[in-house]
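Please find below a note on the model under review, arranged as numbered points.

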Amino acid sequence: MQTLRASKCGLSTAQLPSSILDVIDALTKAGYEAYIVGGGVRDLILGLNPKDFDAVTNATPAQVKEVFGRRCRIIGRRFELAHVYAGRELIEVATFRAPPKKAVTSASGMILRDNNWGTIEQDFARRDFSINAMYYQPRKGIVLDFCHAIDDIKNKTLRLLGDPTLRFEEDPVRMLRTLRFAAKLNFSIAPEILEIFTPEMTQLLRDISPHRLYDESQKLFTMGHLNRVLPMLIDFDIWRQLFADISPDISTFIERAAINTDQRIQIGKTINPAFFYAVLLWKPFLERCNFYLSKGVVPAEARAQAGLDVLKRQATRTIIPRFAETFIREVWEMQTRLLNPKPQQIQALSTHARFRAGFDFLLLREKSGDDTTQGMGVWWDAYQQMTTDEKERAISQYNRQRAKSRRKTATEDVVETKLVAAEIEPLVNEPEPRSRRERKSRTKPERPVQSASSNGSEIGYDHPILKRKRVKRDLSQVVFGPTQ
Ligand code: ATP
Ligand code: MG
């Protein structure tokens, strides 16, 4: 172990937010050891802007709770941690961990519980990469480096601590972390990792819960180097493990969306990771639509069913939260509305909660050479820049063109135009709830329920007891990145 002078590593307390200093100071004052560890230290040394700061201490989570009282919450089962609220920020405070006991690892060597407290040396050995295992004590102005991690930083090398095979077996998510850090930091992966990073090894990801894989996929999408990591996911055979039905091929559309996502992050704009899922799953969605259309299903029904099918298949790998699934289906449904809007609905469409995301998606398709958009991406782009008068003129012109092309087709369309209201119907219907309990509470009884009481009085359809508890979410209130 070598003790480095923090200033020599380019570190100073001036770079640290008061929240992390508060936590370190409070733990030190209570007589515990406390360090900043992980990505925060790594990124500061590299001159990058850390996403967050994690603390580590010899205090157990219960002792951390004693120090911070109501500002602290203990979370996690597999990996117990203390969350400390400092001002508006949240700092994760972990306790030094020793190697897990045999009884809590699976047959394949995966760690199922990891709450065995230990010393700083043991904690160091449990971390993933050397560059993530530097312990910074800002008040003492020192960095503890147990493995010459500082050299790996200088040489831009990603090196796993310990035996790479064992480390991947213990936690297969480290394979995703390898690619994420290599892409984010533009580091090379150490040869001993490359040697064992085989398609067979990636099969271990099948044992990881789709919830955890979704979280990891989000980190990949939002780290700011999505475009760099995508080909790596294919080269290392991780793609197949993450995405059920998306062929491992980076289309111009996917590439453009990835570049766009990275650019948004670079300029500090918010992004919605579900948007990128909508992009990835667009082709499987269209294929599924065509399947239903070929069976004679009407288009609206085909789209609705195709959307549900594609998301259901994807959920076998990464479980996309329900609200994000709804967002994705709405973005897809918006494509139909934006492509062929009814003139009376143009204004209402342009103020719809999902307009921005739908439009971004349409324009991306168009710019990637998808001519099925018929130039409507550019049309909507221009429309948004217009004054009210110009908008009215543009709508009339659009209406005339539309009527002209429609005159050639059937008369049924005329009837349709007459009936159209300016309001927009919901883009998608909420699918079946996932849990059995929710599903149960959703089903309405067919017949009035007989009261169990002896007087035989009946409970009517509209009795409050039978009313659905489920509150319909107002999606216009949900703030999504691309809509801002
Ligand atoms: P960033 O926050 O920039 O994504 P990070 O390195 O801080 O990167 P976190 O997921 O915040 O990553 O984890 C904090 C630290 O915890 C890591 O730096 C690493 O030392 C340790 N760690 C996290 N996940 C694992 C893992 N799966 N196996 C071993 N150590 C891990
Ligand atoms: Mg971190």
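1. Basis of the note. This is a predicted model, in which local features need pLDDT of at least 70, side-chain atom pairs count only at pLDDT 80 or more, and totals for chains, interfaces and linings use all residues. Residues are numbered from 1 along each chain as its sequence is written, chains are lettered from A and ligands numbered from 1 in the order in which they are written, and side-chain values use heavy atoms, with hydrogens and water left out.

2. The chain. Its secondary structure comes to 23 helices and twelve strands; helices (H or I, at least four residues) and strands (E, at least two) are DSSP runs, numbered from the N terminus. Of the 484 residues, 46% are buried, where buried means under 20% relative accessible area, exposed over 50% and partly exposed in between (1.4 Å probe, protein chains only). Among contacts between residues at least 6 apart in sequence, 67% join residues at least 24 apart; contact means heavy atoms within 4.5 Å.

3. Helix α21. The end C-alpha atoms of α21 (residues 388–407) are 28 Å apart, in agreement with the 28 Å that its 20 residues should span at 1.5 Å a residue. The expected span is 1.5 Å times one less than the number of residues. A394, I395, Y398, R402 and R406 are the buried residues of α21. They lie on the same side of the helix, because they cover an arc of only 100° around the axis, the arc being that of the directions from the helix axis to the C-beta atoms. The face turned away from this buried side carries the exposed residues D389, E392, R393, R400, K404 and R407.

4. Helix α16. The 16 residues of α16 reach 22 Å from first C-alpha to last, close to the expected 22 Å. Its buried residues are A302, R303, A306, G307, D309, V310, L311 and Q314. Their cover includes α12 (239–242), α14 (273–280), α15 (282–294) and α17.

5. The second largest pocket. This pocket holds about 660 Å³ of space. A pocket is, on a 1 Å grid over the protein atoms alone, an open set of points where a 1.4 Å probe fits, with protein on both sides within 12 Å along at least five of seven lines; lining residues have an atom within 4 Å of a point. Of its 28 lining residues, A300, R303, E333, T336 and R337 are the closest to the centre. The elements that give two or more residues to the lining are α16 (299–314), α17 (322–339) and α21, with the largest share, seven residues, coming from α16. By class, the lining has eleven nonpolar, six polar and eleven charged residues.

6. Positive phi values. Which residue in the loop between α7 (173–185) and β10 (188–189) deserves a check? N186 is found there, and its phi is near 60°, positive in a residue other than glycine. N186 counts as partly exposed, because its relative accessibility is 47%. Q374, in the loop between α19 (355–367) and α20 (376–385), likewise has a positive phi, near 50°. Q374 is exposed, with a relative accessible area of 60%.

7. A buried loop residue. D128 lies between α4 (120–126) and β7 (134–137) and counts as buried, at 9% relative accessibility. Leaving aside neighbours within four places in sequence, D128 is in contact with R159, L160, L161, R167, R174, R177 and F181. The C-alpha atoms of D128 and R167, 39 residues apart along the chain, are separated by 7.6 Å.

Conventions: Points joined across faces, edges and corners; volume = space filled by probe spheres on them. Nonpolar A, V, L, I, M, F, W, Y, C, P; charged D, E, K, R; others polar.
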